[in-house]
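Me: I've got a new model open and want to go through it with you. Can we start with the strands?

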Amino acid sequence: MNSTIETILKRNSVRSYDARPIEAEVKDEILKATLRAPTAGNLMLYSIIEVNDQQKKNTLAKTCDSQPFIAKAPWVLLFLADYQRWHDYFLACDVEKFCARSGLSMRVPAEGYLMLACCDALIAAQTAVIAAESLGVGSCYIGDIMENYEEHQALFDLPRYTFPICMLCLGYPDAKAAGRKQTPRFDRKFIVFQDSYKNLTAGDFDEMFRAETAARFQGRSDIEGAVNVGQQTYRRKFAADFAVEMNRSVRTIMQNWTRG
Ligand SMILES: Cc1cc2nc3c(=O)[nH]c(=O)nc-3n(C[C@H](O)[C@H](O)[C@H](O)COP(=O)(O)O)c2cc1C
């Protein structure tokens, strides 16, 4: 096994950090690797905001579904899907006049470019995760940055054609994080299909969730009325308050991008 695969296989999300700051040279290497990530059309449809201000980190620890470890992370990177830079450049290049001359109407980026920009930002973020891991720096995604759009927009002066798609907390792992067991994954046969999609059967689900049911459910549930892992997970994730807020917030951002 080569060292790249080893790095990927040993990675865990890290949520508690050593007091040691990340050295400037290490940050520089991680960012250098990040900016080499593949990007749709080589457009770099993303921006990264380094959150250094402790007050802003404190706010994020509350607005991202109350996760106090965000405030303690030595390095916080906010990844934005970003079409604004190109939009501003197009305006600077008189693309409007060009369109008028050519009988075209100048278009807003709309759903397709929003998705491409999200792809770009996420691929850059994951490149940062792997680069960091290879240098001994742990990381954890914060998906809850998609919530509370209005607060985050004001906190970071986000223009219309940006979308805070994910955030990374980074730092050297403390002893607790370093000793954590890896999280399990579903068996490959439930995830990787050959040539066409495979709908899973009741038997497949039994097998897929057997270990988790034994480890997590054990006939009792911390969620009232839930009698299996599906009901627990639905209530804990998909029907949770954070998901309701995330959907509201994302809808607002998408409406911003797509209104004419
Ligand atoms: C898009 C995305 C959003 C996530 N958001 C959060 C989050 O808000 N808070 C958190 O503690 N972990 C978050 N995580 C980390 C996952 O919980 C973690 O990757 C998963 O439990 C598997 O654990 P592992 O990364 O240690 O293998 C997120 C991961 C991804 C990919």
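Me: Which residue in E2 is the bridge partner of isoleucine 49?
Reply: Leucine 78 is the E2 bridge partner of isoleucine 49. Before more detail: this is a predicted model, where local features need pLDDT of at least 70, side-chain atom pairs count only at pLDDT 80 or more, and totals for chains, interfaces and linings use all residues. Residues are numbered from 1 along each chain as its sequence is written, and side-chain values use heavy atoms, with hydrogens and water left out.

Me: How many bridges join E1 to E2?
Reply: Six, and the two strands run antiparallel. E2 covers residues 75-82. Strands here are DSSP runs of E, at least two residues, and helices are runs of H or I, at least four, numbered from the N terminus. Two strands pair if DSSP finds at least two bridges between them.

Me: What is the strand order in the sheet?
Reply: E1-E2-E4-E3, an open sheet of four strands with antiparallel pairing.

Me: Which strands stand at the edges?
Reply: E1 (46-51) and E3 (138-142). Each has a single partner strand, so one side of each is left without a neighbour in the sheet. The twist averages 25° from one strand to the next.

Me: Which helix packs on the sheet?
Reply: H13, residues 241-258. H13 touches E2 and E4 (162-171), and its direction makes about 130° with that of E4. Contact means heavy atoms within 4.5 Å. Axes are lines fitted to C-alpha atoms, for helices over the stretch in contact, and angles run from 0 to 180 degrees between N-to-C directions.

Me: Which residue in E4 is the bridge partner of cysteine 140?
Reply: Cysteine 169.

Me: How many disulfides, then?
Reply: Zero, by the rule used here, which asks for a pair of cysteine sulfur atoms within 2.5 Å. Cysteine 140 is in no disulfide, and the nearest cysteine sulfur, that of cysteine 169, is 6.4 Å away. Cysteine 140 is buried, at 4% relative accessible area.

Me: What about cysteine 93?
Reply: Cysteine 93 is in no disulfide either. The nearest cysteine sulfur belongs to cysteine 99, 12 Å away. Cysteine 93 is partly exposed, at 39%.

Me: New topic, the ligand. Which residues come nearest?
Reply: Ser13, Arg15, Gln67, Asp144 and Arg185, out of 13 residues around the ligand. Near means that one heavy atom of the residue lies within 4 Å.

Me: What does aspartate 144 do there, atom to atom?
Reply: A polar atom of the aspartate 144 side chain lies 2.8 Å from a ligand oxygen. In threonine 183, a side-chain N or O atom is 2.9 Å from an oxygen of the ligand. Tyrosine 141 places a backbone N or O atom 3.3 Å from a ligand nitrogen.

Me: Let's go back to H13. Is serine 249 buried or exposed?
Reply: Buried, with a relative accessible area of 0%. Serine 249 lies in H13.

Me: What does the side chain of serine 249 reach?
Reply: The backbone oxygen of methionine 146, at 2.6 Å. Not counting residues up to four places away in sequence, serine 249 touches Met146, Glu147, Asn148 and Tyr149.

Me: And where is lysine 198?
Reply: In the loop between H9 (175-178) and H10 (202-208). Lysine 198 is partly exposed, at 37%. The lysine 198 side chain makes a polar contact with that of aspartate 204, at 3.0 Å. A polar contact is a pair of N or O atoms within 3.5 Å; within protein, one must be able to donate a hydrogen and the other to accept it, and residues adjacent in sequence count only if both atoms are side-chain atoms.

Me: What is phi of aspartate 195 near?
Reply: Near 70°, a positive value in a residue other than glycine. Aspartate 195 lies in the loop between H9 and H10 and is exposed, at 87%.

Me: And what about phi of alanine 110?
Reply: Near 60°, also positive in a non-glycine residue. Alanine 110 is in H7 (residues 110-134) and counts as partly exposed at 21%.

Terms used: Buried < 20%, exposed > 50% of the residue type's maximum accessible area, 1.4 Å probe, protein only.
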